[in-house]
Amino acid sequence: MIAIGVPAEGKDEPRIGLSPETVKKLVKAGAKVTVRSGAGLGSHFSDQDYKEAGAQIAKSDADAVSGADVVFTVRRPPLAIAKAMKKGAALIGMLDPFSDAEGLDALAKTGVSLFAMELMPRITRAQSMDVLSSQSNLAGYKAVADAAAAFERALPMMMTAAGTVPAAKVFVMGVGVAGLQAIATARRLGAIVTATDVRPAVKEQVASLGAKFIAVEDEEFKQAETSGGYAKEMSDAYKKKQAALIADHVKNQDIVITTALIPGRPAPKLISKAMIESMRPGSIIVDLAAERGGNAELTKPGEIAEHKGVRIFGLLNLPGQVPVNASSLYARNLQAFLDPFIDKEKKVLAIDWEDELAQGTAIARDGAIVNAMVAERLGGKGASGAKAVTKSASAKSAPAKSAPSRSAAKAKAPAKKNGGTRKPKGGKTT
Ligand code: NAD
């Protein structure tokens, strides 16, 4: 019987690695699931919900993971959790593979196999396992919901006896998974939506959501997509033309949602201080690229900055602010990933290390780092003379800074008004 353990996350992370719904499916498939008491409360999943789904409840994290063949986490867990696990057991989560290489190396040295879900290859077979998509989609929604809540005017056009309320103008920069959901959400709220991206494939998707596409459509733009579907870094000449177009457009926008990312690079700077100053007071920018340095010049990761009446939301972990949905989708991603690695007859863990998905996501095995990029960052100092045997084909989150680890995910947010920073109303800056 395969044993699955779920420890509690750090106090800044409301999500959890398994939902009661997924526990039920895993138990039905013959797994034994142990969840740390209270671990689901941030997502409103009680111990009772887990028990009813067939899980055992453990009093401590060590008890939850010590007998497990597989441990599911949201973020990279503290070393103590890996130390409490059996050698050769699999730790699967968003392990933040390109930050704190030494910390990752220490985890590897425990002999636990590490799988970073951020590295999932972006192929059709892996769509149901794609945690970046499931979480970005919610982030795109939450960005617009936050902006709408903070915006001191209405989004839809309203024709009333007392006069007409104009529709708000929303501009979405970067039309990946988060951007598409941001467009759809803003359209549902009745805003006039425009969007931009450097990938030509996006143009039709934007139009199909009822928004207008705006971009410098030159020869470089036609070649801007990699074979993996991601954006390329653009030339300085293109960036200049793009900046001129954006500057002209942004000054008339009420809400700007930025989501532009390039794999392995810091977020491109798309909104300058001058552009922010051209916007009307009361306008809002939500910068979903804040974790990678931000698309706007004045973004402060983890804070809401204010400049001349324009608020710039640099909130981190937006999916964690929709934790019920985020945990449910994340748990389904993990279950989908684990499923092919369960021997259905013997009901034991049987990882196929040759499988493209295992190869893509594996970071460590038998005490050694097996991901080339992580090994490179360790500069040969890796665990037990680690051999770098896999290439991170989809190393999307290989920036200078990627998603914060538990310890780095704390909010800063001193409450200062006008020109300073202020805490989000009722929001958590995790
Ligand atoms: P992302 O988070 O890497 O980037 C967000 C967007 O920013 C992208 O659309 C990118 O083109 C854009 N961008 C980059 N530089 C820009 C600039 N200077 N100006 C404007 N926009 C800029 O993207 P993502 O959400 O991860 O999606 C990337 C692609 O991967 C999409 O085509 C998506 O459909 C695809 N995808 C495939 C799978 C799968 O097949 N399993 C899963 C998820 C996403």
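Predicted model: local features only at pLDDT ≥ 70, side-chain atom pairs only at ≥ 80, totals over all residues.
I started with the shell around the ligand: by class, eleven residues there are nonpolar, seven polar and five charged (Ala, Val, Leu, Ile, Met, Phe, Trp, Tyr, Cys and Pro count as nonpolar, Asp, Glu, Lys and Arg as charged, the others, Gly among them, as polar).

Residues are numbered from 1 along each chain as its sequence is written, and side-chain values use heavy atoms, with hydrogens and water left out.

Next I looked up who surrounds the ligand: 23 residues, each with a heavy atom within 4 Å of it. The closest are Arg122, Ser133, Val177, Asp197 and Arg199.

Then I checked polar contacts (N or O pairs within 3.5 Å). The side chain of Arg122 has an N or O atom 2.5 Å from a ligand oxygen, and for Arg199 I get 2.7 Å, again to a ligand oxygen. Gln242 puts a polar side-chain atom 2.9 Å from a ligand nitrogen.

Notes
Polar contact = N/O pair within 3.5 Å; in protein donor to acceptor, adjacent residues only side chain to side chain.
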